[in-house]
Amino acid sequence: MVGAGSMGGMMSLLFGELGTEVVVYDPSEENVQALMKKAKDTGLEHQLSSEKDYESLCKALPSPKVFFFSLPHGNVGDKTVESLKPFLKPGDFIFDASNEHYASTERRQKLCEPLGVNFIGSGVSGGYQSARHGPSMSPGGNKEAVEKMLPFLRKAAAKDAQGRPCVAWMGEGGAGHYVKMVHNGIEQGMMSALCETWGIMTRCLGMKYEEIAEIFEEWDTKGELIKNFLVSIGSDICRTKDPKNNSYVLEEVKDKVVQDVDETEGTGTWTIEEGSRLHVSIPTITAAHMFRLSSADADQRIHVHKSLEGHIKVGKIEVPDKKAFVEDLRKATYAAFLMSFVQGLDLLEHINQEKKWNLDFSSIISIWRGGCIIQSDHISDLLSKIYEHHKHIRGNLLTVHEVGHELLKCYPALKNVVLKAVEADAHIPSLSASWSYFRYSGDVNLPTQFMEAELDYFGNHMFDLKGAGAGKPVTG
């Protein structure tokens, strides 16, 4: 295991628990010592050992050697591969379990190929807790190489409700890391929608944390949000108190999400970039990302607040039937969750056409059934049935009747929530983006005809005529 931080350390303990001897290397002695202490505390000290450099690490391993990477994204991975190269032999395996950009993965695969070294790029989902007890994994690369590792990966992976391992070969090249990137993009859309709902509950409806915890707990036990990981932990978070003073921990959490800005997390940014590059509309995910970016610069928000003299404030929402409005919030949250999936899967379909990966979308949904942040049983059931019955779907899932019908049932609730929230100046970037996306995706008479006319007026871009049929997205 190269990298003994929170993810690499927890995976090392998981592998040790499965009976595997794990040799750890990390330039941070502090990380190694902390991991070794955890190994001792859990009775796994005989399964884990550490080495001080790459040469001794390689000498400690039998052949073929298997390396797991758990590293920051970027050039750290390149430097690690270069440092290992003198000690690598044909048939060795490198399993990159980092959150890495798929293009970097494909570059390293080409670098290792002449050496006869199998480089597998894999998403590992679910955070450090799943890394300890069984994550969802999305390995990509040479199929034969991945299949050699699958027996071990199946033991280590999370299991769904039927006991099936949440791991499968995704495709050639960087497919595994691309699927994980999209998972994290969907995650951002879902997290934003839920936090916006929470914000409406607390600031607009004046609900207490314990009341919200009970509602989230109920949502997680039945209906469209049943066994939804984010809703489930939301209930726990609302109840968590500081043992020192018995105050709610949420009261002390600052309203800034910094992981994208400080670049410890790159997958959200890459998802937005890929959406733009491949010309895929992913507004729920994009709005969530922009919300996070704005939140990160708390100092700037203070200055803007002073500039506006505090005139724009989140107000109260008065409703005649609070229980009915909370039900609308549930349906609105579910709609935004489902549209995050729709947009992410649309992005995957476009990269699939570009790279000819031949992605198996049923397998993708199956690995998201456990051990990952976007686990949502009802959505997985819905999408699994669709991919089973429509094996050759090409394009947006909104074109599938089952998805459209599901969202139509939620549309009045989503619209009501958005309208009420706008009146109260509540923050709803992803909920409102989902509402707009659903509306303009199915409208056959958009005002963009005026935009197209202006583009032709000043740029001679030409345009299609209404009488000429729908046409493809090419020059008129």
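## Aromatic rings

Phe15, Phe68, Phe95 and Phe152 are joined into a cluster by ring pairs. Rings of Phe, Tyr and Trp (its six-membered ring) pair if their centres lie within 6.5 Å; planes under 30 degrees apart are stacked, over 60 edge-to-face, and the rest tilted. The model is predicted: local features need pLDDT of at least 70, side-chain atom pairs count only at pLDDT 80 or more, and totals for chains, interfaces and linings use all residues. Residues are numbered from 1 along each chain as its sequence is written, and side-chain values use heavy atoms, leaving out hydrogens and water.

The whole structure holds 16 aromatic pairs. Tyr25 and Tyr54 form a tilted one, 4.7 Å centre to centre, with 55 degrees between the planes. Tyr25 lies in the loop between β1 (22-24) and α2 (29-41) and Tyr54 in helix α3, so the pair ties together parts 29 residues apart in sequence. Helices (H or I, at least four residues) and strands (E, at least two) are DSSP runs, numbered from the N terminus. Tyr25 is buried at 11% relative accessibility, and Tyr54 is buried at 17%. Buried means under 20% relative accessible area, exposed over 50%, and partly exposed in between (1.4 Å probe, protein chains only).

Trp198 and Tyr209 form a stacked pair, 6.1 Å centre to centre, with 20 degrees between the planes. Trp198 sits in helix α8 and Tyr209 in helix α9 (residues 209-219), 11 residues apart. Trp198 is partly exposed at 24%; Tyr209 is buried at 12%.

## Two packed helices

The axes of α8 (residues 175-204) and α14 come within 9 Å and cross at roughly 165 degrees. Axes are lines fitted to C-alpha atoms, for helices over the stretch in contact, and angles run from 0 to 180 degrees between N-to-C directions. The two helices are therefore roughly antiparallel (over 145 degrees).

Contact means heavy atoms within 4.5 Å. Residues in α8 that meet α14 include Tyr178, Ile186 and Met201. Among their partners in α14 are Phe325, Phe337 and Ile351.

## Backbone exceptions

Most residues other than glycine have a negative phi, and most peptide bonds are trans. The bond from Ser63 to Pro64 is cis, with omega near -5 degrees. Pro64 is in the loop between α3 (54-59) and β3 (66-69).

Lys356 has a positive phi, near 55 degrees. Lys356 lies in the loop between α14 (322-355) and α15 (361-367), and is exposed at 67%. Asn460 also has a phi near 55 degrees. Asn460 is in the segment after α19 (448-459), and is exposed at 61%.

Technical notes. Parallel < 35°, antiparallel > 145°, perpendicular 65-115°, else oblique.
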